[in-house]
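Colleague: I would like to go through this model with you. Shall we take it question by question?

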Amino acid sequence: MADQISKAQANGDGSKSASKKPRNLDRCAPRRIHFAPLNIPLEQRLQTLAVLCHTIAIPFCLGLFFLCVAFPPFWPFVIAYVIWIFWFDKCPENGEIQTRRSPLVRRMPLFRLYCNYFPITIHREVELQPTFPSQLRESSSALERWIAKLLRISDKVIDDPSEGESDESSSSSPANGDGSSSASESTSSLAPEMGPRYVFGYHPHGIVSLGAFGAIGSEGAGWEKLFPGIPVSLLTLETNFRLPFYRDYLLSLGIASVSRRSCSSLLKHNQSICIVVGGAGESLYAEPGRLDLVLRKRRGFVRLAMQDVPAVDAPPTCLVPILSFGENDVYEQVVGEHSSLLYKCQTFVKKVAGFTVPLLHGRGVFNYDWGLMPYRRPITLVVGKPIPVPYVAHPTEAEIAVYHDLYEQELLRLWKTYKSKYQVDYKGKGMENIELKIVE
């Protein structure tokens, strides 16, 4: 039993540090599979179940759709649904995501369990001015409130029972929303009727941006409590909205397409957005002990913030970098050199399909060695200071470069400030050998 527990800690299951040196394994010897013990607390099992539900969401939704196709009585529904999603429902693109966004779904206990699995936490450096000072909390519809009452689901921002005992100066929020007790009180004194919109840049991409989904795509980490009055839409690939049923799951969480049209429409509807700037290409660099970013050639999000405003006299849009410590640590990946056949095949798939196919592995549901489940390793999102961007109808490359450089400097500052606090050396390379690099 002791060997199993020590193995779980070495793989990041419940351990918050990695001070132990990696074992020198004989490559010729067969690798043992360490199974999880039977006496794991129920809370941890529920956390694993929540992450498993997210991991298999796409195959489950597709399987459910084809199951409907297989039964003729469902054909009228299937035909009407396909016509609706491909010809009529433009919600992922037209900026009207608020009509499909469900605060009740975002606040479901499932996502609190998801965030506590790693755990995912949010550290807020400064309070951000609300976009909607008069509506600091997203309100649920009457139907949602009725469903919440029927199912006995808490339809409110996740509270921390120990909140009153916490330090008021703390700006770090664990998965239950701790550390922001004074956020709503301090923002209530802000005078403007409409505050700035925000373009959040999330770094790094990781394999599948698990931290971004938990902290921004849901209320599992208490985003609404730390940043009241700032509804944010996490953006993902447009191809995800072509998957039946799965697209509706994403829309209920307020997740929209990352296309140029969608980003522009959202900002003009006073909706803040979060872009995983590095994109699918950056996922090929994701591995523990490495933080290589694709940023230098990504300038579109800066141009977007300068051009797309609801009105000329509207408050300026702000760029806000988010550095996610631990995003690259939750999976192991076989990383090929740029000249290798593996890398060439992966980049070819990216050009054709728009996504990559990394060779990865994590842990399993009942073992700590092999599987597609992420390791239990902490993910901490550090939200930096806002960078106001003026409205410019037709910005030049020089004007874009000015604010892109400011954004890059702020991101590097976050790394230097919080590296010693949140970065963990799982590979035994030595903290001095782990650096943030902008490779493209």
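Colleague: Is I83 buried, partly exposed or exposed?

Modeller: This is a predicted model, and the value is computed from it. Buried means under 20% relative accessible area, and exposed means over 50%. I83 has 37% relative accessibility, so I83 counts as partly exposed.

Colleague: Which helix holds I83, and which element gives the most to the nonpolar patch?

Modeller: A nonpolar surface patch of about 1,000 Å² is made by F66, V69, W75, I79, I83, W84, F86, W87 and F88. The elements that give two or more residues to this patch are α3 (57-69) and α4 (75-88). I83 lies in helix α4. With seven residues, the element that gives the most is α4.

Colleague: Now the inside. Which residues touch the most other members of the largest nonpolar core, and which helix supplies the largest share of this core?

Modeller: That core has 91 residues, and F200 and I216 touch the most other members. The largest share, eight residues, comes from helix α17.

Colleague: How many residues of strand β8 are buried?

Modeller: β8 spans residues 317-325. T317, L319, P321, L323 and F325 point one way, C318, V320, I322 and S324 point the other way, and all are buried.

Colleague: Which strand runs parallel to β8?

Modeller: β12 pairs with β8 in the antiparallel sense over three bridges, with L319 opposite I387. β11 also pairs with β8 in the antiparallel sense, over four bridges, and L323 stands opposite V382 there. Six bridges make the parallel pairing, where C318 in β8 stands opposite Y198. The parallel partner is β3.

Colleague: Which elements are included in what covers the buried residues of α7?

Modeller: The buried residues of α7 are F111, L113, Y114, C115 and Y117. Their cover includes α2, α6, β1, α10 and α12.

Colleague: And for the protein chain, what percentage of the residues is buried?

Modeller: The chain has 17 helices and 13 strands. Its accessible surface comes to about 21,000 Å², of which 61% belongs to carbon and sulfur atoms. Of its 440 residues, the buried share is 52%.

Notes. Residues numbered from 1 in each chain as written. Predicted model: local features only at pLDDT ≥ 70, side-chain atom pairs only at ≥ 80, totals over all residues. Heavy atoms only, no water. Patch = residues over 30% accessible without salt bridge, like charges linked within 9 Å, V, L, I, M, F, W, Y side chains within 5 Å. Areas by Shrake-Rupley, 256 points an atom, 1.4 Å probe, with all protein chains shown as cover. Salt bridge = Lys/Arg side-chain N within 4 Å of Asp/Glu carboxyl O. Buried < 20%, exposed > 50% of the residue type's maximum accessible area, 1.4 Å probe, protein only. Core = buried A, V, L, I, M, F, W, Y, C linked by side-chain atoms within 4.5 Å. Contact = heavy atoms within 4.5 Å. Pairing = 2+ DSSP bridges.
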